[in-house]
Amino acid sequence: MFKKKFLEGSQAIAEAVALCRPEVISAYPITPQTHIVEELANLKANGKLKAEYMYAESEFAAASIVLGASATGSRTYTATTSQGLLLMTEVVFNIAGMRLPVVMTVANRSIGAPLNIWNDTQDTVTVRDAGWISLFAENLDEAVLMHVAAYKVAEKLNLPVIVNVDGFILTHMAEVVNMPTQETVDKILPKREAQDTLDSANPRSLGTYALPAHYHLFREQMHSDLVNSQKEIKKIFAEINKFNPDFTTNLTEEYLAKDAEMAFVTVGSLMGTVRETVDELRGDGMKIGAIKIKSLRPFPDEEIRKICAKIPRLLILDKNISLGTEGILATEMRRALYGSDSRIEAFTLGLGGKDITRKDLREIAENQSDDKNVNFR
Amino acid sequence: MQEIRFHGRGGQGAVTGAYLLGHALFAENKYAQAFPSFGVERTGAPVEAFVRADDRPIRLREQIQNPDMLVIQDKTLLDIPEVFAGTNEETIAILNSKEAPNFPINFAGKLYCCDITSLAVEILGRPIFNTGMLGLLAKVTGIVKLESLIRAIENNFPKKLWETNIKLMEKIYAESPTQPCNYISKLIKHMETPNPKPTNSVEPASTAKNNTGNWATEYPEVDGNKCMKCGMCANVCPEGCIAPDAEGVYRADLSKCKGCGLCAQVCPVKAITMKKKK
């Protein structure tokens with residue numbers, strides 16, 4: 001059912017996408033997403049992938065192509081990062097508004113200026129409010145299965161899904177990865193059964209004009225569907241969990257948090273270094289734990305309230321910042337925990353690929369500062 | 001856990017070398033991690049790559065701070081003090097160089113030197129050092145079996161590259177030194193990154209201030225009699241370091257020339273030949 005391989009992240013992600021049997025792929029290459037779409041093009045060229053592969057002239061075009069293809073009932077895929085995601089933004093909102101189950105990988109990278117090609121999560125948080133489900137992978141095993149889950153979730157709920165993988169840190173990391181077989185993926189992910197699709201034999205329009213009252217209702221429905229999507233996402237995660245127990249069911253993961261007096265909270269690949277740091281600090285006698293958030297949208301408020309109820313201090317680690325305030329995860333945590341006694345401290349670190357080390361995290365845990373709201377590291 | 005840090009220049013294959021080592025370790029049932037730290041994506045620019053090996057899954061994602069082993073593919077990198085960051089007396093460094101550096105280096109561990117460049121140019125016909133360096137690493141540290149490295153080449157390189165790379169690796173494995181060399185050690189404190197200007201503006205031709213000449217393994221030699229003074233070489237030079245001399249013959253400033261060879265390629269009368277740097 002699974003085979004251990006030593007693969008570069010981009011290759012693992014491309015192979016996982018191919019196992020999901022997409023029918024239309026369109027993308028425009030941009031560092032550090034390039035290896036993913038190159039590998040998909042390779043698979044197509046070698047006859048191992050049946051999809052239509054359309055090389056677009058820009059990210060705006062790539063997103064528009066998958067929008068159209070998805071509207072006709074196809075399973076579609078695109079991938080981008082950074083400035084490419086910004087160029088797509090208008091289409092990103094339209095894909096969600098038309099309730100199209102597009103799956104997109106964002107190989108997280110900083111936003112210029114200054115020009116910088118390295119990792120942080122500033123790109124994906126700029127489309128936080130577009131109406132997409134937004135998932136974050138910690139390692140390659142999780143990234144691979146999250147793509148399979150993403151298609152199932154998207155097509156079940158008619159909501160598009162972004163799978164976030166940290167640029168370079170995951171996309172260019174070769175490590176041991178459990179690749180599911182085609183048979184396993186086929187068991188999890190049936191063929192897309194699209195409804196209300198565009199069909200030239202039976203012409204219809206999509207995303208047409210909506211007057212104020214009507215528009216408001218559309219958005220309200222999107223909102224409640226996104227809030228309620230948590231149940232369905234967990235159900236699908238649970239289904240995949242039966243195949244690989246490391247792929248956990250909830251939208252959060254606790255690490256030594258039960259008796260913790262203090263806990264790091266973060267998303268994505270940083271969690272690996274956080275776990276190592278927690279182990280070291282526990283060895284020094286510090287009662288510290290960590291919480292991983294797997295989904296920025298929907299944001300798992302209930303789960304977080306339950307886990308954090310008994311943790312007096314939360315150290316939120318963001319690789320992005322709403323300039324002038326604080327990191328996005330920090331603000332989300334304050335909202336989810338409004339009225340709770342937990343003290344929330346926001347840290348923005350690792351912007352533009354600045355390496356985040358155990359030493360940095362240890363300093364955050366050991367030197368609590370009372371007079372700063374945002375700590376830049 | 002064992003941690004290996006590779007230092008090379010774009011085009012010498014350091015990143016591929018790290019991936020190859022990862023494959024070889026995986027074949028020996030180790031959990032391995034291999035990842036690059038790209039700088040500017042240009043031939044000759046300094047590049048780092050990292051490999052971790054352990055008996056259990058590796059969660060750590062930080063770059064390697066305290067390497068057990070250092071692979072230095074090019075002796076011109078010794079000018080960069082950060083190459084030795086986080087090392088100590090126990091660190092094993094392997095260096096592509098015929099002999100130990102004749103100037104003090106920021107290092108206190110064991111240094112093994114071997115002239116990979118000459119053999120690589122002889123056997124591969126190109127200055128690519130990764131497979132040679134891995135042969136040396138395997139010999140000196142025993143971290144991986146030669147056999148596993150050969151399998152990694154066969155599984156990851158196109159077939160036409162197998163024979164030469166395996167030959168190079170085997171030859172270096174057989175002939176490389178087993179004793180560390182003597183060198184002068186001078187430990188210095190690492191520099192902090194200075195605060196940038198808020199606008200991040202740069203003046204025109206600011207790259208000309210970088211002495212990229214030490215990136216080069218080759219340099220252009222100009223035949224003044226053949227040169228027809230057309231200036232095409234100066235037009236294509238990515239460093240803008242080619243200008244006419246007093247006689248009007250176009251010549252490169254070797255303190256800036258990275259040895260990319262574009263000038264030699266475009267010269268309509270073949271007045272420029274690329275020569276290996278001593």
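Over all chains, the structure holds 45 salt bridges, a salt bridge being a side-chain nitrogen of Lys or Arg within 4 Å of a carboxyl oxygen of Asp or Glu. The model is predicted, and local features need pLDDT of at least 70, side-chain atom pairs count only at pLDDT 80 or more, and totals for chains, interfaces and linings use all residues. Residues are numbered from 1 along each chain as its sequence is written, chains are lettered from A and ligands numbered from 1 in the order in which they are written, and side-chain values use heavy atoms, with hydrogens and water left out.

One of the salt bridges joins R297(A) to E332(A), with 2.8 Å between the closest N and O atoms. This pair links distant parts of the chain, 35 residues apart: R297(A) is in strand β12 (residues 295–297) of chain A and E332(A) is in helix α11 (residues 328–336) of chain A. Helices (H or I, at least four residues) and strands (E, at least two) are DSSP runs, numbered from the N terminus.

R297(A) also takes part in a cis peptide bond, with P298(A), where omega is about -5°. P298(A) sits in the loop between β12 and α10 (301–308) of chain A. Another cis peptide bond joins T31(A) and P32(A), with omega about 0°. P32(A) belongs to the loop between β2 (24–27) and α2 (34–45) of chain A.

Chain A also has residues other than glycine with positive phi. For R99(A), phi is near 60°, and the residue lies in the loop between α4 (82–97) and β5 (103–108) of chain A. For F168(A), which is not a glycine, phi is about 65°; F168(A) lies in the loop between β7 (161–166) and β8 (174–180) of chain A.

The next topic is the interface of the chains. Chain B gives 23 residues to the contact and chain A gives 29 residues, where contact means heavy atoms within 4.5 Å. About 2200 Å² is buried between chain B and chain A, and carbon and sulfur atoms give 55% of that area. Buried area is the accessible area (1.4 Å probe) that two parts lose on being put together, summed over both. F26(B), R59(B) and R61(B) supply 35% of the area that chain B buries against chain A, more than any other three residues.

R59(B) also forms a salt bridge with E276(A), the closest N and O atoms being 3.1 Å apart. Five salt bridges are found across the interface of chain B and chain A. There are also 12 residue pairs in polar contact across this interface, both residues at pLDDT 80 or more. A polar contact is a pair of N or O atoms within 3.5 Å; within protein, one must be able to donate a hydrogen and the other to accept it, and residues adjacent in sequence count only if both atoms are side-chain atoms.

On the side of chain B that touches chain A, the elements that give two or more residues are α1 and β2 (31–37) of chain B. The largest share, six residues, comes from β2(B). The residues of this side divide into 10 nonpolar, seven polar and six charged. Ala, Val, Leu, Ile, Met, Phe, Trp, Tyr, Cys and Pro count as nonpolar, Asp, Glu, Lys and Arg as charged, and the others, Gly among them, as polar.

Within chain B, L20(B), L21(B), H23(B) and A24(B) in α1(B) meet S148(B), L149(B), A152(B), I153(B) and N156(B) in α4(B). The residues of this contact divide into six nonpolar, three polar and no charged.
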